[in-house]
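Here is a quick tour of a few helices and the pockets. Have the model open and follow along.

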Amino acid sequence: LHCESVRVIDGDIVMASDPVISGLTERKTVITEGGIGFNVSGSGFFQGNSAVSVEIGRWLAGRISGDLVFDIYGGQGYLSLIACGNFTNGILVESSETMVAYAEKNFAVNERHGFNAICSDAEDFLRQTNKRPDCIVLDPPRVGLSERVRVAVAESACPSVAYVSCDPVTLARDVSAIVKHGGYRIKATAVFDLYPQTHHLESVIILEKQKR
């Protein structure tokens, strides 16, 4: 094996990695959190601190509900399954075809029949869909939302927006734009220390559309 780096994810029984290390790792694994089993690709992303990441999902689950939820940047379906149990239907949006396939499998094995995953850029999906969700869940990478996504969310008139962020700076920028241009207010906030004794914090904000 000759490569510059190896991505490794430790599962319940076996480790998965990209690339696979012969005799040591597999292409995929299963990780159980909060009583839910997640099929995870070695090339994918999964939060390392399971005890705290489950609490993020539970915190959200106690504050968001409805018929339809959009899980934007949904990856392999973690927040859809952990945080969105109070929704009947869900659409997970992810730009990676591999992650979409894993999300669909995770919905199937956990019998979340009203949930499905589609491969699309976030801005394209939000601009083109004619569905009206009760909540939009956002869990973007560290760079946060693009301007087009900020505008699309602000103009969506969705009753509730939940934003999970690993960077307070981009979170502040994005939430400020959505509040200012979309007529939202901050309903609830929380901070989770996923990696103690480091500067990394996970921030969660729930926005509520103001009634005129």
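## Helix H3 and its neighbours

This is a predicted model. The buried residues of H3 pack against quite a list of elements: strands S3 (28–33), S4 (36–41), S6 (87–94) and S7 (115–119), plus helix H2 (78–82). Which residues of H3 are buried? They are Met-99, Val-100, Tyr-102, Ala-103, Asn-106 and Phe-107. These residues sit on the same side of H3, because they cover an arc of only 165° around the axis.

H3 itself runs over residues 97–109, 13 residues in total. From first C-alpha to last it reaches 19 Å, close to the 18 Å expected at 1.5 Å a residue. Just after H3, have a look at Glu-111, which takes a positive phi of about 55°.

## The largest pocket

Now for the open space. The largest pocket holds about 810 Å³. It is lined by 33 residues, and the closest to its centre are Phe-45, Gln-47, Tyr-73, Asp-139 and Pro-140. Helix H1 (50–61), H2 and S6 are the elements that give two or more residues to this lining.

By residue type, the lining of the largest pocket splits into 16 nonpolar, twelve polar and five charged.

## The second largest pocket

The second largest pocket has a volume of about 210 Å³. Of its 14 lining residues, Leu-126, Arg-132, Ala-152, Glu-155 and Ser-156 are the closest to the centre. Helices H4 (122–128) and H5 (147–155) each supply at least two residues of that lining.

Its lining divides into eight nonpolar, two polar and four charged residues.

## Helix H6

The buried set in H6 is Thr-170, Leu-171, Asp-174, Val-175, Ala-177, Ile-178 and Gly-182. Their arc around the axis is only 155°, which puts them on the same side of H6. Turn to the face away from that buried side and you find the exposed residues Val-169 and Lys-180.

How does the length of H6 work out, and what span should its 15 residues have? At 1.5 Å a residue, H6 (residues 168–182) should span 21 Å, and its end C-alpha atoms are 20 Å apart, which agrees.

Note on methods
Residues are numbered from 1 along each chain as its sequence is written. This is a predicted model: local features need pLDDT of at least 70, side-chain atom pairs count only at pLDDT 80 or more; totals for chains, interfaces and linings use all residues. Side-chain values use heavy atoms; hydrogens and water are left out. Helices (H or I, at least four residues) and strands (E, at least two) are DSSP runs, numbered from the N terminus. The expected span of a helix is 1.5 Å times one less than its number of residues. Buried means under 20% relative accessible area, exposed over 50%, partly exposed in between (1.4 Å probe, protein chains only). The arc is that of the directions from the helix axis to the C-beta atoms. Contact means heavy atoms within 4.5 Å. On a 1 Å grid over the protein atoms alone, a cavity is a set of points where a 1.4 Å probe fits but cannot get out, and a pocket is an open set with protein on both sides within 12 Å along at least five of seven lines; lining residues have an atom within 4 Å of a point. Grid points are joined across faces, edges and corners, and a volume is the space filled by probe spheres set on the points. Ala, Val, Leu, Ile, Met, Phe, Trp, Tyr, Cys and Pro count as nonpolar, Asp, Glu, Lys and Arg as charged, and the others, Gly among them, as polar.
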